[in-house]
Number of protein chains: 2
Amino acid sequence: MIYDVIIIGSGPAGLAAAIYAKRAELSVIVIEKAGISGGQIINTYEVDNYPGIPGISGFDLSTKFREHCDRLETEFITGEVTDFVLEDQLKVITLEDGTKYSAKSVIIATGGVPRHLNVEGENKFSGLGVSYCATCDGAFFKNKSVAVVGGGDVAVEDAIFLARICKQVYVIHRRDEFRASKSISSRLLAMENVTVLWDSVVEMIAGEETVTGIHVSNLKTQENNIYPVSGVFIAVGYIPNSEIYKKVVAVDEAGYIIAGENCETNIPGVYAAGDVRTKDLRQIITAASDGANAITAVEKYLNHLE
Amino acid sequence: MIYDVIIIGSGPAGLAAAIYAKRAELSVIVIEKAGISGGQIINTYEVDNYPGIPGISGFDLSTKFREHCDRLETEFITGEVTDFVLEDQLKVITLEDGTKYSAKSVIIATGGVPRHLNVEGENKFSGLGVSYCATCDGAFFKNKSVAVVGGGDVAVEDAIFLARICKQVYVIHRRDEFRASKSISSRLLAMENVTVLWDSVVEMIAGEETVTGIHVSNLKTQENNIYPVSGVFIAVGYIPNSEIYKKVVAVDEAGYIIAGENCETNIPGVYAAGDVRTKDLRQIITAASDGANAITAVEKYLNHLE
């Protein structure tokens, strides 16, 4: 069978695409690696910024998205994509067990993962004080002390954002200047409740039930200090899950699949939706919006085929 | 007081922007004309494509969005904006009672209204068979007969979309050829369950509780016919609510404020979010996504001010 569209990935982008595809009566399957839907949000302790559903666990929100798909009788297939090729206009996907699926169009909604520090306490307190998204989780730390790790644009913007919300913000950066642009860097440095720890790395994130402090070591002086914080925001990069698709579609230097709001890649009939594509803001709401936009682009593509 | 950001309009775009602004601890007010939040969706009978909340009335979904804002203690002001000017970097808004509000940035989220046919039955059956959005409501007419009114790209794409879902689609167009592109027009004309009524206009939409038929008159032959349909999709254009803002920000020929995914207009610090901006797909989910993107752009703008 040749499907109208195959959706790879079942995070918010993939599930929203599935909802739009089913309501448009397209023939569609969703391929999910984990055998459970939701992507990154499954492990999110609390989501408070998906408009209309405040204060919900990531797992429960995933379930709501998945149930929406199930109401529309969406077909899900569990498997890891190991190959993706074009055969003329046809898109062919191979799973790890050798099964092949073909479609007129494909939506790559494989997401990505934040780069980890790989220090003690990081995984243990993930969602319990350790966060990789200040926009998502900053509001939970109102009037508390937090640390931001990193020195690029995202880290500095996150620190400014958190300084408005939190009592005290420590910024931990391994160099002696930011990679972020001058103007926002000086803005951050002028903020009263911000302390930058230059030439410093995180040794350990400490806590009991939740985070209580961060152990920081200065690379030049070898000095070690413990800072009392209840949140640690790690902003040292993001790794898009685009490895298998790079040989077919264009990616940027960080590995994001190059696609605009309409999710079109450089290959007709191949779309990228959600965190895996080039975009300013990686959020559940923007990923879900991508899913809708991608299906609209798919429909236009199918309308013009032959 | 000078606000960080003023949001004009309280549809999904404005409310989502408010949620993101409050969580970022920006000083913000939302100005809403109606004294009730939700925008166009307030009058939508059923919304089934906002991911995670299937099968909800537009009013109830609006309420959920508004409650989300209220949890974050968002300040709403009821009033109609009658003037919008720039005073150096400051944005100044005047309401009909003369009150003025100033802000460093403004998000225009004023939406728009679909162009009406202004025929008997149109208002009466709005949401009860009469729809202005095939993507939104098409799935409710599975295996039923429907009419599409219009001849542009949107009308033809809507008709193709509906032909996959519905038993029979009548397309009513006042000219003898489509304005839509050749390739999709011929695709539509090739579909078995589509009948195009050329040179024809709608005289009346008939029904009892819901739509049961459409009265159509042929402009050349003066012949009148009644077609039994349970849905009428009107696709004769959309009027963005941009009148007051046109003198400040650039709009396209149809009146949409020119802005991309990040909602930036040609004026620094002025953003357009939701249906009022140039975009491919006008849906609740894409409007809500705009709200998040606009606040992210506002934050970057504020970070670089001074």
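Predicted model: local features only at pLDDT ≥ 70, side-chain atom pairs only at ≥ 80, totals over all residues.

Trainee: Fine. At what angle do H1 and H6 of chain B pack?
Mentor: Helix H1 (residues 12-23) of chain B packs on helix H6 (residues 284-304) of chain B at about 35°, and the axes are 7 Å apart. The crossing of H1(B) over H6(B) is right-handed.

Trainee: Which residues in H1(B) and H6(B) meet there?
Mentor: H1(B) contributes Pro12(B), Ala13(B), Ala16(B), Ala17(B), Tyr20(B) and Ala21(B). From H6(B) come Ile284(B), Ala287(B), Ala288(B), Gly291(B), Ala292(B) and Ile295(B). By type, the residues of this contact are 11 nonpolar, one polar and no charged.

Trainee: And what about H1 and H6 in chain A?
Mentor: In chain A, the axes of helix H1 (residues 12-23) and helix H6 (residues 284-304) come within 7 Å, crossing at roughly 35°. H1(A) passes H6(A) in a right-handed crossing too. Among the residues of H1(A) that meet H6(A) are Pro12(A), Ala16(A) and Tyr20(A), and their partners in H6(A) include Ile284(A), Gly291(A) and Ile295(A). That contact divides into 11 nonpolar residues, one polar and no charged.

Trainee: Change of topic. Is Arg277(B) buried or exposed?
Mentor: Arg277(B) is buried, because its relative accessibility is 0% and the cut-off for buried is under 20%. Arg277(B) sits in the loop between strand E17 (270-272) and H6 of chain B.

Trainee: What does the side chain of Arg277(B) have a polar contact with?
Mentor: One partner is Asp290(B): the two side chains are joined by a polar contact of 2.9 Å. A polar atom of the Arg277(B) side chain is also 3.2 Å from the backbone oxygen of Ala259(B).

Trainee: Where is Asp290(B), and is Asp290(B) buried or exposed?
Mentor: Asp290(B) is in helix H6 of chain B. With a relative accessible area of 2%, Asp290(B) is buried.

Trainee: Which residues is Asp290(B) in contact with, leaving aside neighbours within four places in sequence?
Mentor: Glu261(A), Cys263(B), Ala273(B), Gly274(B), Arg277(B) and Lys279(B).

Trainee: Now the core. Which residues touch the most other members of the largest nonpolar core?
Mentor: That core has 129 residues, and those touching the most other members are Tyr50(A), Ile107(A), Val169(A), Tyr50(B), Ile107(B) and Val169(B). As background, nonpolar side chains in soluble globular proteins tend to be buried together.

Trainee: What is Tyr50(A) in contact with, leaving aside neighbours within four places in sequence?
Mentor: In chain A, the contacts of Tyr50(A) are Leu61(A), Phe65(A), Ile284(A) and Ile285(A). In chain B, they are Tyr50(B), Pro51(B), His68(B) and Ile285(B).

Trainee: Next, backbone angles. What is phi of Asp88(A)?
Mentor: Phi of Asp88(A) is near 55°, a positive value in a residue other than glycine. Most residues other than glycine have a negative phi. Asp88(A) lies in the loop between strand E4 (81-87) and strand E5 (90-95) of chain A, and Asp88(A) is exposed, with a relative accessible area of 80%.

Trainee: And Asp88(B)?
Mentor: Phi of Asp88(B) is near 50°, again positive in a residue other than glycine. Asp88(B) is in the loop between strand E4 (81-87) and strand E5 (90-95) of chain B. Its relative accessibility of 78% makes Asp88(B) exposed.

Trainee: One more loop. How accessible is Asn262(A)?
Mentor: Asn262(A) counts as partly exposed, at 25% relative accessibility. Asn262(A) is in the loop between strand E16 (238-240) and strand E17 (270-272) of chain A. Not counting residues up to four places away in sequence, Asn262(A) touches Tyr271(A), Asn293(A), Ala294(A), Ala297(A) and Asp280(B).

Trainee: Last one: where is Val28(B), and what is it in contact with?
Mentor: Val28(B) is in strand E2 (residues 28-32) of chain B and is buried at 6% relative accessibility. Leaving aside neighbours within four places in sequence, Val28(B) is in contact with Tyr3(B), Val5(B), Ile7(B), Ala21(B), Lys22(B) and Glu75(B). One of these, Ala21(B), is also among the H1(B) residues that meet H6(B).

How values were computed: Residues numbered from 1 in each chain as written. Chains lettered and ligands numbered in written order. Heavy atoms only, no water. Axes fitted to C-alpha atoms, helices over the stretch in contact; angles between N-to-C directions. Helix = DSSP H or I, 4+ residues; strand = E, 2+ residues; numbered from the N terminus. Left-handed = near helix turned anticlockwise from the far one by under 90°. Contact = heavy atoms within 4.5 Å. Nonpolar A, V, L, I, M, F, W, Y, C, P; charged D, E, K, R; others polar. Buried < 20%, exposed > 50% of the residue type's maximum accessible area, 1.4 Å probe, protein only. Polar contact = N/O pair within 3.5 Å; in protein donor to acceptor, adjacent residues only side chain to side chain. Core = buried A, V, L, I, M, F, W, Y, C linked by side-chain atoms within 4.5 Å.
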